[in-house]
Amino acid sequence: MRTDGILDRLAALRAADAPTHGGRVLSYVYDPGLAELDELAAAAARAVQPVNGLDPTTFTSVAVMEGELLGFARTMLHGPADGPDAVVGSVTSGGTESCLLAVKIAREAFRAEHPDVRPRVVAPVSVHAAFRKAAQHLDVDLTLVPVDPATGTPAAADLVAALDADDVALVVVSAPSYPHGVVDPVAEVAEAAAARGVPVHVDACVGGWVLPFWAAAGGEAVPPFDFSVPGVTSISADVHKYGYAPKGASVLLVRGRDRQRRQFFATTGWPGYPVVNPTLSGSRSAAPLAAAWAVSQALGTAGYTALTARCVRATHALRAAVDAIDGLRVVGRPTGPLVAVATDGSVPPERRVDPHLWADAVRSLGWVL
Ligand SMILES: *Cc1c(COP(=O)(O)O)cnc(C)c1O
């Protein structure tokens, strides 16, 4: 076997990638700028490289790390630890998987009650495409409620009106939405949904690990979006975004163990081993979990708050820069680190800026928007 040259080739391939460090790529990668944290995550991933996350009873380190990471997330998102409404959860491979599983739980629960009705999911049109994927893969209907084009915000009344049907299995709101960076009216929707017995998923894939620290870090106040809101039944939050973990880690938290059972696939009815899968995968790497666990242990609340403070400053600087460009505007009133930029139609046509041309110009300066 020859190993020489292979890593040199990979290094050459990597050199052609967009830069993952230095903060110039404003999507895809979430660089905390802490070399020590990178090293820790890499070492943790390496330590579990041969482990199979399929069976946490054989590889008990997986169960302990998963429990501790979920415990951190549950506290961060104000979920009760005990009682019939205790928040439980799973570590998944990413936001898409967390969202798919949230829809699966709702579908199974709805089917159990209404075996003859085709289930429907209601969400604002700005909900992440992962829910369109979930509707397709899980064969449920999806009603997309329009948002105000000026602000990207859905009206709570429009979402609530869509709940008045016999086939609604789930309503999804985002904190914040990916396209516009606005926190949807979680409390209003959850109250109306709870009154109708409809479960509520909050997609906090991008916000879940940054909004909890936002106000304490000097950012604007964040409306309640987590388990402190009665009626919120599940939340997705990606550790591989503002949790600053390497890719491959998200959490899906669910209110109530009975509800969570709908997430599982289990069978002893084949000639092989007993299968008990909380997530979509079977055999799976424990590396993303170990890295995410190590990063969360190292940062803790204080570390996340400090990183969020830098994020708040950067977001405000970016917003000020966009505001200073005649012909561009920030869409609506974003809460958190996401900013949508559009043409400012209030200035004369010759001064309006096409955001795509602006993004190209910024790219020529070494940034990826
Ligand atoms: C990123 C994101 C997702 C999908 O997550 P992946 O990790 O890319 O699969 C879902 N919802 C929101 C709001 C997101 O930002």
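A salt bridge is a side-chain nitrogen of Lys or Arg within 4 Å of a carboxyl oxygen of Asp or Glu. Keep that in mind, since I start with those pairs. The model is a predicted one, and a search of the whole structure finds twelve salt bridges. I will go through some of them.

Asp17 pairs with Arg14, with the closest N and O atoms 2.7 Å apart. Asp17 counts as partly exposed because its relative accessibility is 41%.

Next, Asp164 and Arg196 form a salt bridge, again with a closest N and O distance of 2.7 Å. Asp164 sits in the loop between α6 and β4, and Arg196 in helix α7, so the pair ties together parts that are 32 residues apart in sequence. Asp164 is exposed, at a relative accessible area of 55%, while Arg196, at 36%, is partly exposed.

In the pair of Arg351 and Asp326, the closest N and O atoms are 2.4 Å apart. Arg351 is in the loop between β11 and α11, Asp326 in the loop between α10 and β10, and 25 residues separate them. There is also one network, in which salt bridges that share partners join Arg107, Glu108 and Arg111.

Now the ligand. Which residues surround it? The list includes Gly94, Gly95, Thr96, His128, Tyr178 and Asp238. By class, the shell has three nonpolar, five polar and three charged residues. An oxygen atom of the ligand lies 2.6 Å from a side-chain N or O atom of Thr96, and a backbone N or O atom of Gly95 is 2.9 Å from a ligand oxygen. Alone, the ligand exposes 380 Å², of which the protein buries 85%.

Methods: Residues numbered from 1 in each chain as written. Predicted model: local features only at pLDDT ≥ 70, side-chain atom pairs only at ≥ 80, totals over all residues. Heavy atoms only, no water. Near = heavy atom within 4 Å. Polar contact = N/O pair within 3.5 Å; in protein donor to acceptor, adjacent residues only side chain to side chain. Areas by Shrake-Rupley, 256 points an atom, 1.4 Å probe, with all protein chains shown as cover. Nonpolar A, V, L, I, M, F, W, Y, C, P; charged D, E, K, R; others polar. Buried < 20%, exposed > 50% of the residue type's maximum accessible area, 1.4 Å probe, protein only. Helix = DSSP H or I, 4+ residues; strand = E, 2+ residues; numbered from the N terminus.
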